[in-house]
Amino acid sequence: MTIIGHQTAKTLLFVYGTLKRDFYNYDAYLKPAVHHRRAAFLGAGRTSDAYPLVVRGPRHIPALLDRPGDGHRVRGEVYRISDRTLRAMDLLEGVSNGHYVRKETTVALVGGEEEEDDDENDENDKDRERLLTCWVYLQDVSTRSAAVLEDDIVYHRSYTPDLHDLYIPPTAEPDPEILALLSGGTS
């Protein structure tokens with residue numbers, strides 16, 4: 001088991017959007033957690049169930065909709081994180097004000113780097129996948145406007161650099177409260 005900071009981390013987090021390596025929220029938040037040993041990259045992953053991954057709004061925000069069975073098996077990354085990092089991610093994702101909900105889902109760890117594959121190869125890949133239970137941030141569609149559920153919205157398999165190029169961060173500077181959780185003391 002990986003030791004992170006002064007505690008043993010048991011929490012697994014699946015990220016699929018701006019928290020993936022080399023994207024804005026990874027650089028602003030998850031990378032400092034890795035630096036301070038409050039998070040560790042485990043590898044590329046893919047949801048066991050299909051979910052709709054959408055990019056929406058004027059800021060081009062990626063969101064995984066809480067509609068298992070729709071969309072695709074979504075590719076992303078798996079991290080082992082500390083309790084403090086989980087609290088920081090809850091703040092970042094706006095869990096307390098209903099922007100996202102945090103739920104457990106099954107994720108297949110498929111290797112070190114994200115793979116470029118499609119749903120046709122999923123059955124062949126299942127023999128070599130290691131299944132993990134991970135936290136994931138989902139958008140609760142039961143409380144969202146009909147615009148989230150429009151028929152013409154595109155479901156993605158992966159949040160790519162091309163999609164991320166369109167992303168507009170909410171502020172110019174990372175949130176200091178979140179950074180304090182990721183880099184401050186040992187509690």
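I looked up the largest pocket and found about 690 Å³ of space in it. For the term I used a 1 Å grid over the protein atoms alone, on which a pocket is an open set of points with protein on both sides within 12 Å along at least five of seven lines, where a 1.4 Å probe fits, and lining residues have an atom within 4 Å of a point. The volume is the space filled by probe spheres set on the points, with grid points joined across faces, edges and corners. The model is predicted, so I note that local features need pLDDT of at least 70 and side-chain atom pairs count only at pLDDT 80 or more, while totals for chains, interfaces and linings use all residues. Residues are numbered from 1 along each chain as its sequence is written, and side-chain values use heavy atoms, with hydrogens and water left out.

I then listed the lining, which has 32 residues, with Asn 25, Leu 92, Glu 93, Tyr 100 and Pro 170 nearest the centre of the pocket. Strand 3 (11-15), helix 1 (24-35), strand 6 (61-64), helix 2 (83-92) and helix 5 (176-183) each give at least two residues to this lining, and helix 1 has the largest share, 3 residues. These elements are DSSP runs numbered from the N terminus (helices H or I, at least four residues; strands E, at least two).

I counted 4 aromatic pairs, taking rings of Phe, Tyr and Trp (its six-membered ring) with centres within 6.5 Å, and calling planes under 30 degrees apart stacked, over 60 edge-to-face and the rest tilted. Phe 23 and Tyr 159 are edge-to-face, at 5.4 Å centre to centre with 85° between the planes. Phe 23 lies in the loop between strand 3 and helix 1 and Tyr 159 in the loop between strand 9 (130-138) and helix 4 (161-164), so this pair ties together parts 136 residues apart in sequence. Phe 23 is buried at 7% relative accessible area, and Tyr 159 is buried at 1% (buried is under 20%, exposed over 50%, partly exposed in between, with a 1.4 Å probe and protein chains only).

Tyr 24 is in helix 1 and Tyr 167 in the loop between helix 4 and helix 5, 143 residues apart. I also noted that Tyr 26, Phe 41 and Tyr 79 form one aromatic cluster, and that Arg 21 lies over the face of Phe 41, 3.9 Å from the ring centre (CZ of Arg or NZ of Lys within 6 Å of the centre and within 35 degrees of the ring normal).

The charged end of Arg 102 sits over the ring of Trp 135, 4.4 Å from its centre. Arg 102 is in strand 8 (residues 101-111) and is partly exposed, at 25%.

Ala 50, in strand 4 (residues 39-51), is buried at 16%.
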